[in-house]
Amino acid sequence: MDQLRRKILYHYTDFQALDGILRCAELRVNNVLRMNDSAEMRHFMTRLGTAIVDRLEREGGGERAMQVQALFREELKKEYSAFAACFSFHRDDAAQWERYGNRGRGVCIALRREYLQRIAKGALSLQLVFYRDNMADHPMVEQFCALVRNGVPLSPEDPEVKRAMREAWACSVSYKHPSFASEYEMRLVVSPFEKEEFDVRPRYHVTRERIKKYYPLDLKSMCREIGIGLEDLVAEIIIGPDSTQSLSIFQDYLRDNGLSALVDRVSLSECPLRGLFL
């Protein structure tokens, strides 16, 4: 993928969420455990534990391998919440429209990666998603094996083990199964263990079926901190291939909400799959 495309991140969503981003200058980070790939954090931890056990067994540490296996079995009984906003490097992409852009009836907002990277500080981080099934060569495998070789007690209460587990869960937030590799994703993440350092109060969205927790990021304030305006963060806006949204009315919406600088950055999708997102 060329370097120019790597500079832009695309967020596929619906018009209601876009209104929150543009008019309210608010970007929501939602619970990763409630996304369509909700099992991925646990899948990563399971695969990581297996890789560690396999490595120790090959090195002749059968008893310690069994202890690691028990350690991860207990760890997986816990549930840690991480919160993220998801982006793709793919522009005007059929699969992204279908999965995340309200089946082609939504909208895609393109944000400049450089500015998102500068905004992401403290408990926030911008992470490139990685796609693999075999964790044998993941750095966390060696980290856990080193603890074993150094004779660290394999107890969930041991400070070094707790620290390693924290890092492992943090890694899991940016993991997805290889079958999702075509999405080429980045995530703006609040990690499972750092929310206590995150000075944003959660909000709750109540539907007929459940209550959803999310964190609202104040984009206007965050942009101001790095010396830009919201209109500098937004590179372009693409109206979905199956959307009935009028381009001229959308441009009026931008003007009337003080976002005239974005009017000329709006376009209609050129994705040829109109009418197929059924």
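**Core, strands and salt bridges**

Mentor: The largest nonpolar core has 43 residues, and among these Leu22, Leu188, Leu233 and Ile237 touch the most other members. A nonpolar core is a set of buried Ala, Val, Leu, Ile, Met, Phe, Trp, Tyr and Cys residues joined through side-chain atoms within 4.5 Å, where buried means under 20% relative accessible area, exposed means over 50% and partly exposed lies in between, with a 1.4 Å probe and protein chains only. Please keep in mind that this is a predicted model, in which local features need pLDDT of at least 70 and side-chain atom pairs count only at pLDDT 80 or more, while totals for chains, interfaces and linings use all residues. Residues are numbered from 1 along each chain as its sequence is written, and side-chain values use heavy atoms, with hydrogens and water left out.

If you leave aside the neighbours within four places in sequence, Leu233 is in contact (heavy atoms within 4.5 Å) with Ala110, Leu111, Arg112, Tyr115, Leu116, Leu219, Cys223 and Ile228. There is also a second, separate core, made of 34 residues, including Phe44, Leu48, Leu76 and Phe130.

Now turn to strand 3, residues 83-88, where 5 of the 6 residues are buried, so the strand is largely enclosed by the rest of the structure. Strands (E, at least two residues) and helices (H or I, at least four) are DSSP runs numbered from the N terminus, and two strands pair if DSSP finds at least two bridges between them. Strand 3 pairs in the antiparallel sense with strand 2 (residues 26-31) over 2 bridges, and also in the antiparallel sense with strand 8 (residues 185-190), over 6 bridges.

The surface comes next. Tyr204, Val206 and Ile211 form a nonpolar patch there, with about 350 Å² of accessible area together. Patches consist of residues with over 30% relative accessible area and no salt bridge, like charges being joined within 9 Å and nonpolar side chains (Val, Leu, Ile, Met, Phe, Trp, Tyr) within 5 Å; accessible areas come from the Shrake-Rupley method with a 1.4 Å probe, and for residues only the protein chains shown count as cover. Val206 belongs to strand 9 (residues 203-206) and, with a relative accessible area of 57%, is exposed.

Lastly, consider the charged side chains, which form 17 salt bridges in this structure, each a side-chain nitrogen of Lys or Arg within 4 Å of a carboxyl oxygen of Asp or Glu. In one of them the side chains of Glu142 and Arg55 meet at 2.9 Å, N to O. Glu142 lies in helix 7 (residues 139-149) and Arg55 in helix 3 (residues 40-58), so the pair ties together parts that are 87 residues apart in sequence. Glu142 counts as partly exposed, at 35% relative accessibility, whereas Arg55 counts as buried, at 18%.

Another salt bridge joins Glu236 and Arg91, whose closest N and O atoms are 2.7 Å apart. This pair links distant parts of the chain, 145 residues apart, with Glu236 in strand 11 (residues 234-239) and Arg91 in the loop between strand 3 and helix 5 (94-100). Here Glu236 counts as buried, at 15% relative accessibility, and Arg91 as partly exposed, at 35%.
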